[in-house]
Amino acid sequence: MAIPLAAQHSYGPADIEDGGKLFRANCVSCHGPEGALVEGVDLGHGKFRRASTEDEVIRIIQDGIPGTAMPPHNFTDFQAGTILAYLRSVASIGRTAALNGDAARGKAIFEGKGGCAGCHRVYGVGSRVGPDLSDIGALRRVAEIEVSILDPNAEVLPQNRYYRVTTKSGETITGRLLNEDSFSVQLLDTKERLLSFQRTDLRAAGFLSESQMPSYRDKLSKAERDDLVTYLVSLKGF
Amino acid sequence: MTQRALSILWLAGFVAGALWGQVSFDRILAAGNEPQNWLTYSGTTMSQRYTTLTQITPENVKNLELQWMFQARSLEKYEATPLVVDGILYTVQAPNNVVALDAVTGRVFWTYPYVPARAARPCCGQVNRGLAILGDTLFMGTIDAHLIALDAKSGKPIWNVEVAKAAAGYALTHAPLVVKDKVIVGTAGGEYGIRGFIAAYDVKTGKEAWRFYTIPGKGERGNDTWKGDSWQHGGASVWVTGSYDPALNLTYWGIGNPGPDWNGDERDGDNLYSDCVVALDPDTGKLKWYFQFTPHDTLDYDSVQVPVLADMQWQGQPRKVMLWANRNGFYYVLDRTTGQFLTGKPFSTVTWAKGLDEAGRPMKVNGKEPTVEGQQVYPGVQGATNWYSPSYSPRTGLFYIPVWDKYSSIFVKVPTDYTEGRRYVGTSPRSVVGLAGAAVNQRKEDEGYGAVRAIDPKTGEQKWEFKMLDVTDAGILTTATDLLFSGGREGYFYALDGRSGELLWKANVGGGVSSGPISFAVNGRQYISVTAGSSLLVYALKQ
């Protein structure tokens, strides 16, 4: 008797995180951050049109569905399984209570009271210092956006880590690391300058351990946060 | 530092950042006043590809040394001219990836990857010739005929518009030109029976502001220069960046060949505005004047050269002129206010015309056109020059042209029908001799040769020539120390004395030079950049 592929592995937290990365990189643009954007398919809740077992889902991930927009993917059984494990974890967290905020009010908070545009950019407006959020609603689930607002340190993507250099002349410059090699470092600093340093000119260089974003738990009311999240979820890119 | 203080600091940074590094249109217009930067395709909107930087001289040029190189992850010809803005160099890795690098070290800040649609079918390589900038926004045309605006700090797209249908053969390969609040591009695709056009887009939104068809439509003046419906698929593409004269408020663009390229039977007439230079009002796209170099062309003599604008004494009077070495083998001087022909003469071997009449119209030689059996004509299909940037030095007063000479093709024609997205050319010319290909010791004299020629722009008289064994696709840069930089297919990058043509320095760059060199400076140090093979190289004086 064949053992179902998906049953051959159990998936730990790191596997689930890897599955999430694969999902965001490969699946989210069609299936949406909640996995429910394609009609008749809700990946997080096991609702499929052409599969009834997880093994069949894994085959579809690998082989695609000819004649449809679903392309084949060069994933191992295990990798495809991590995507499913991630989707199950998403489903178990459950979707946030219905988004009952007001996107227009959220936009006003983003640009005003919340000061978000001081670091973040949306559709070409705002700072480039923090991550560009123009398509955040297409990439991230409601729950993830809420967590980022309440607890910014919970997850910081590698490309969003902050880096600080101290030059031999004593100047300290902080920014987003764009590139680095054995001899040099390239940053977008907090003044939005593209800066390049030779390591021989630096006294110190390294990542900051914490996100530079403040928690908005006490800065915004629950209703204001709902408005803000509703606005962010509405941002689907160009 | 408290979070609050940090937030305030960042907000302050945001405000400062908004002011920093903005390339206003005034800066572009006065680009010659900040030679440390290279803000538009040909250096300035006058398109002289001339730098006023003076650190590198005929005496010390022998001390040039490679500082860094960028190897594109692409095997296409590297035809892009970079932009340099305050120490950041922006370039395009063919076909359409934009890269921002530290101009001193060559390290990458960001890469914008763009995957053109599979429908893209540029005739002659998946190439790109560069970018335009305004404010903090970069502009790129793509081989699938989109125009994309990118944030220069982050490489993130701001807008992306479809200019034309890639599946019908349209493509954008040249660097856009910014004029005021508009970004102007023209469409390639002359080998696919397109109807070419130049269009302007709002820099903020990408909304089309105007469109000038390079072939007049039914009922428009000039439409009767095309037989029947031939105007609908007459080509007249645009694939090299134009120029702009702010005093006259005119933008000038060279227009490509009529199609089908080598069979003119079904398109009797002059075929306006193919093989013309057109002068357009950049605010409206309205035609102010045109001059046609090759009426009813059947030899693929695109007039897709950079319009070089110069102000000079002309017969005792100051005059605004345009210098033009054309693919058809003739050199022209036009009055750029009116389009009036001032003078012209061949700068290379020409057999298809015996000269130019008083209005600058070629006096064609009977029979020198494609036949079913084949007819040999000079210059050959690649022309006496082509899209390679020439240079004008106001110091030496000389005009410098990349030339192919003693070069011909056998032009053949066959009947052809139009099918959307398919080639519409009427056969292809062939070489007079079997080409040597890879074996460099088999090169034959009949293949012709490449050269850099210096001519007196007022008379067309040749002052000197730097002759190469092989032909050239390299543009030319001149400097205020009377140096000239260029290269060729042989894979050398070299410096000549701009007054004598004497070779002063050369480097084996390991691949053909297929773009025009530029110069820039960072922290007071002058650099020269060129592309060769699929790499970009940057030189400076040894320290």
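The model is predicted.

**Helix packing in chain A**

Two packed helices are described by the angle between their axes and the distance between the axes. Here the pair is α5(A), residues 103-111, and α8(A), residues 222-233. Their axes come within 7 Å and cross at roughly 100°. That makes α5(A) roughly perpendicular to α8(A).

The contact involves named residues on both helices. From α5(A) come Ala103(A), Arg105(A), Gly106(A), Lys107(A), Ile109(A) and Phe110(A). They meet Glu224(A), Asp227(A), Leu228(A), Thr230(A) and Tyr231(A) in α8(A). By type, the residues of this contact between α5(A) and α8(A) divide into five nonpolar, two polar and four charged.

Burial in α5(A) involves Gly106(A), Lys107(A), Ile109(A) and Phe110(A). Seen down the axis of α5(A), these buried residues fall within an arc of 160°, so they line one face of the helix. The buried residues of α5(A) pack against α8(A).

Strand β5(B) spans residues 97-102. Five of its six residues are buried, so β5(B) is largely enclosed by the rest of the structure.

β5(B) pairs with β4(B), residues 88-93, in the antiparallel sense over six bridges. Within this pairing, Ile88(B) has Asp102(B) as its bridge partner. A hairpin of three residues joins β4(B) to β5(B).

β5(B) also pairs with β6(B), residues 108-112. That pairing is antiparallel too, over four bridges. Val98(B) has Tyr112(B) of β6(B) as its bridge partner. The hairpin of β5(B) and β6(B) has five residues between the strands. In that hairpin, Gly106(B) takes a positive phi near 80°.

**An open sheet in chain B**

Another part of chain B holds a sheet of five strands. The sheet is open, with the order β1-β32-β33-β34-β35 and mixed pairing. Which strands form its edges? They are β1(B), residues 50-51, and β35(B), residues 503-508, and each pairs on one side only. β34(B), residues 492-497, pairs with β35(B) in the antiparallel sense over five bridges. Tyr494(B) stands opposite Lys506(B) in β35(B).

**Backbone geometry in the loops of chain B**

Most residues other than glycine have a negative phi, and most peptide bonds are trans.

| Site | Feature | Value | Loop |
|---|---|---|---|
| Gly259(B)-Pro260(B) | cis peptide bond | omega about 0° | Pro260(B): between β16(B) and β17(B) |
| Tyr378(B)-Pro379(B) | cis peptide bond | omega about -10° | Pro379(B): between β25(B) and β26(B) |
| Asn271(B) | positive phi | phi about 65° | between β16(B) and β17(B) |
| Asp300(B) | positive phi | phi about 65° | between β18(B) and β19(B) |

The loop between β16 (250-254) and β17 (276-280) of chain B holds Pro260(B). Asn271(B) also has its place in the loop between β16(B) and β17(B). Asn271(B) has its positive phi although it is not a glycine.

Asp300(B) has 28 C-beta neighbours inside 10 Å, so it counts as buried. The cut-off for a buried residue is 20 or more. Asp300(B) is not a glycine either; its loop runs between β18 (287-292) and β19 (308-314) of chain B.

Definitions and conventions:
Residues are numbered from 1 along each chain as its sequence is written. Chains are lettered from A and ligands numbered from 1 in the order in which they are written. This is a predicted model: local features need pLDDT of at least 70, side-chain atom pairs count only at pLDDT 80 or more; totals for chains, interfaces and linings use all residues. Axes are lines fitted to C-alpha atoms, for helices over the stretch in contact, and angles run from 0 to 180 degrees between N-to-C directions. Helices (H or I, at least four residues) and strands (E, at least two) are DSSP runs, numbered from the N terminus. Angles under 35 degrees count as roughly parallel, over 145 as roughly antiparallel, 65 to 115 as roughly perpendicular and the rest as oblique. Two residues are in contact if their C-beta atoms, placed from the backbone, lie within 7 Å. Ala, Val, Leu, Ile, Met, Phe, Trp, Tyr, Cys and Pro count as nonpolar, Asp, Glu, Lys and Arg as charged, and the others, Gly among them, as polar. Two strands pair if DSSP finds at least two bridges between them. A residue is buried if 20 or more other C-beta atoms lie within 10 Å of its own, exposed if 12 or fewer, and partly exposed in between; C-beta atoms are placed from the backbone. The arc is that of the directions from the helix axis to the C-beta atoms.
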